[in-house]
Amino acid sequence: MTDFAVWAPASAVVGLDVDGVAHQMTRTDDGWWRTTLEVARDARYGYLIDDDPQVLPDPRSARQPDGVHARSALWDETGATWTDDDWAGRSVEGAVIYELHIGTFTPAGTFDSAIEKLDHLVDLGVDFVELMPVNAFSGTHGWGYDGVLWYAVHEPYGGPDGLVRFVDACHGRGLGVLIDAVFNHLGPSGNYLPRFGPYLTEARNPWGNAVNIDGADSDEVRRYIIDCALRWMRVFHADGLRLDAVHALVDTTAIHILEELAAETDVLAAQLRRPLSLIAESDRNDPRTITPREAGGYGITAQWDDDIHHAIHTAVSGERQGYYADFGSIATLATTLREGFFHAGTYSSFRRRRHGRPLPTALIPATRLLAYTCTHDQVGNRALGDRPSQNLTAGQLAVKAALALFSPYTAMLFMGEEWGARTPFQFFTSHEDPQVARATAEGRKAEFAEHGWDADEIPDPQDPATFQRSKLDWNEIHDQGHRRLLDFYQALIRLRGAADLADPWLSHLGVDYDEDNRWITMRRGGLLLVCNLAEAAVTVPVHGELMLAWGSPRFEDGAVQLPGHSLVVLQTA
C-alpha cells in the first residue's frame with residue numbers, strides 16, 4: 001500500500017489520478033488531502049484540483065520520467081544501493097570545492113558519465129563536488145535554476161537512481177558532494193504550485209513572483225522548503241547545499257528561514273553523525289548570514305564572496321565595466337584579501353548606495369567565505385559566456401589561481417578552469433513553451449544590449465548549438481599548455497596542506513603591494529606568495545627558499561625579479 005498526501009488548503013475537492021483512474025481523497029483540518037492505495041511500482045499518478053480536469057504532478061514528486069508537465073512516478077528510497085557506510089564526511093570550511101554542471105561536464109551529460117571523470121578530480125586534489133541544480137525543470141537541458149519540481153531529480157541526468165550512484169561513487173573516492181538548491185523562485189514553465197496553495201506572493205524578485213515564506217499560510221511553504229533541503233542530505237547522502245541567491249528570500253518573521261534551516265541541518269548532522277554544510281550565495285555582504293546563531297546570526301556555514309572574485313579578476317584582467325567599476329586597483333585587492341569584503345558599509349557606484357557591513361574578523365574565520373576566480377555566474381552571465389582562459393595569458397590565469405588558492409579562504413573552482421578550458425559556458429535553455437522560449441531569448445538580448453554588448457552576437461539560449469558549445473572538451477588536457485596549467489593547479493592545491501596555510505584568521509594574514517609596479521604579496525606564517533600582475537618584469541624586495549613558481553624568477557641581493565604575469569611562493573622562515 002502507498003500513502004498519498006498533498007497540501008491544498010483552499011480546494012473543495014482533491015482527487016488522485018493513477019494511470020487515468022480517479023480516486024477520492026480525504027481532507028484533514030490542516031489543509032492536507034490523503035488516501036492510501038495499492039498501486040503498481042511503475043504507476044503514473046497526479047492530482048485533480050476541484051473541477052479542473054488537468055492532472056497535475058505531485059509537488060513532492062520524486063520522479064518525473066515524462067517531464068515536469070506530466071504525471072509523477074513513485075520512487076522507493078529504501079531500495080537505493082549504498083556502499084558509503086564508512087563515509088565520515090567533513091566540513092566545507094577550508095576545503096577546495098569544484099563546481100560542475102552535469103549536462104556539460106561530459107559529452108553524455110549524465111550522472112553516470114560524470115562518475116567516469118571523478119578520478120580526475122581526485123588527482124586534482126579537490127575535496128568537494130558542487131553540483132549545479134539537479135532538480136526537475138522544463139525541457140531536456142538548462143542551467144537548472146528554473147526548477148519547478150524541487151523534490152524530483154532531473155530525469156535526463158539519470159533521475160534519483162543516477163544521483164544515488166554519483167554520490168556513492170564520490171564518497172567512495174573521498175569526495176564530498178554539495179547540491180545547489182534554489183528556493184527563491186520557480187521557473188516560468190511547469191510551475192503548478194499556485195494551483196495547490198499560496199506558495200507564491202504578489203511581491204516580485206528578479207525572476208518572478210517571490211516565494212511565500214512570511215505571509216499568510218506560509219508555515220507549510222516553509223516546511224516544503226526545509227523538508228526539501230533536508231531530503232537532499234538525508235535521502236541522497238549529500239554533504240550539504242549551496243543555497244541560491246538567499247538575498248531574494250524576503251523573511252520578516254522573527255526566525256529567518258535561513259536560521260531555521262541551519263538549526264534543522266545541525267540536528268540532522270547529529271543524527272547522521274557526520275558534518276553537513278550550508279553555503280549561501282548572498283549579494284548583501286552581511287556577516288550575519290555566517291555568524292553563529294548563539295552570536296545572533298543565522299548560522300550558515302559559509303557564503304560565496306563575489307568581492308574577492310571581482311577584486312582578483314579586475315586587478316589581473318583590467319576589466320572595469322558594470323559591477324566591476326569599484327574594483328581594479330591593487331589597493332582594492334589588498335583590502336579585500338585582508339578584510340573579506342570590499343564593500344563593507346561603503347558606497348557602491350554600481351548600486352548607487354552604501355553596501356555591505358564590515359566582517360568581524362575576530363569572530364568569523366576566513367574559511368566561512370569562498371574565494372574563486374570563476375563560477376557559473378561569472379562566466380555564464382557574460383554575454384558570450386567566455387571564460388578568463390579565452391582572454392588572458394596563462395601567466396595571468398596562474399596568478400589568479402594563486403591569489404585564491406593561497407588565501408585563507410575556502411576555495412572553489414569552476415569545471416575546466418584547472419586546465420584553462422577554451423570552451424565557453426553559455427546560457428542555454430530548452431523551454432518547451434514557445435512563448436517562454438521567445439521571451440527568454442529576447443530578454444537575454446535586451447539585458448546585454450543595455451550593457452553595451454552587440455545583441456546580434458549574443459547566443460540564442462534555445463539554440464541546441466549553444467548547449468553543445470558549452471560542453472567541456474576533455475581532449476584539451478593532453479595539450480602541453482593546458483597540462484602545464486593543470487599541473488600548477490595540482491601543486492597549488494597540495495600546497496594548501498602545509499601547516500602554515502591552516503591558519504584561518506585574517507588578523508594573521510600579511511599583505512603588501514606596490515600599486516605603480518603592480519605587484520602584491522601575501523604572507524601566511526613562513527610562506528610568502530609574490531605575484532607580478534604587470535606585463536613588464538618587476539623586482540620585489542623579498543627573499544626565501546623557492547617552493548613554487550610560474551615563470552622564471554631570478555634571485556639577487558635580497559630580492560626576486562619576476563617576469564610579467566608570474567609568481568613565486570617562498571619559504572621565508
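This is a predicted model: local features need pLDDT of at least 70, side-chain atom pairs count only at pLDDT 80 or more; totals for chains, interfaces and linings use all residues.
**Strands, a helix and some aromatic rings**

Residues are numbered from 1 along each chain as its sequence is written, and side-chain values use heavy atoms, with hydrogens and water left out.

A word on terms. Strands (E, at least two residues) and helices (H or I, at least four) are DSSP runs, numbered from the N terminus, and two strands pair if DSSP finds at least two bridges between them.

Back to β5, which covers residues 32-37. Strand β4, residues 26-27, runs antiparallel to β5 and is joined to it by two bridges. In that hairpin, four residues lie between the strands, and Gly 31 has a positive phi near 85 degrees. Strand β5 also runs antiparallel to β1, residues 2-7, with six bridges joining them. Here Ala 5 is the residue opposite Arg 34.

Now, which residues of helix α9 are buried? Buried means under 20% relative accessible area, exposed means over 50%, and partly exposed is in between, with a 1.4 Å probe and protein chains only. In α9, residues 330-339, the buried ones are Ile 330, Thr 332, Leu 333, Ala 334, Thr 336 and Leu 337. They pack against α8 (306-317), α11 (394-405), β22 (510-514) and β23 (519-524), where contact means heavy atoms within 4.5 Å. After the helix comes Gly 340, with a positive phi near 85 degrees.

On to the aromatics. Rings of Phe, Tyr and Trp (its six-membered ring) pair if their centres lie within 6.5 Å; planes under 30 degrees apart count as stacked, over 60 as edge-to-face, and the rest as tilted. The structure holds 26 such aromatic pairs. Trp 75 and Phe 236 have ring centres 5.4 Å apart and planes at 10 degrees, so this pair is stacked. Trp 75 is in the loop between β7 (72-73) and β8 (96-100), and Phe 236 in the loop between α6 (218-234) and β15 (240-243), so the pair ties together parts 161 residues apart in sequence. Both residues are buried. For Tyr 98 and Phe 105, the centres are 6.2 Å apart and the planes at 70 degrees, so that pair is edge-to-face. Tyr 98 and Phe 105 are buried too. There is also a cluster, in which ring pairs link Trp 7, Trp 150, Tyr 151, Phe 183, Tyr 199 and Tyr 224.

A charge sits over a ring if NZ of Lys or CZ of Arg is within 6 Å of the ring centre and within 35 degrees of the ring normal. Arg 242 lies over the face of Trp 304, 4.1 Å from the ring centre, and the charged end of Arg 484 sits over Trp 550, 3.7 Å from its ring centre.

Last, where does Phe 414 lie, and what does Phe 414 touch? Phe 414 is in strand β21, residues 410-414, and is buried, with a relative accessible area of 0%. Not counting residues up to four places away in sequence, Phe 414 touches Glu 99, Met 132, Cys 374, Thr 375, His 376, Val 379, Arg 387 and Phe 425.
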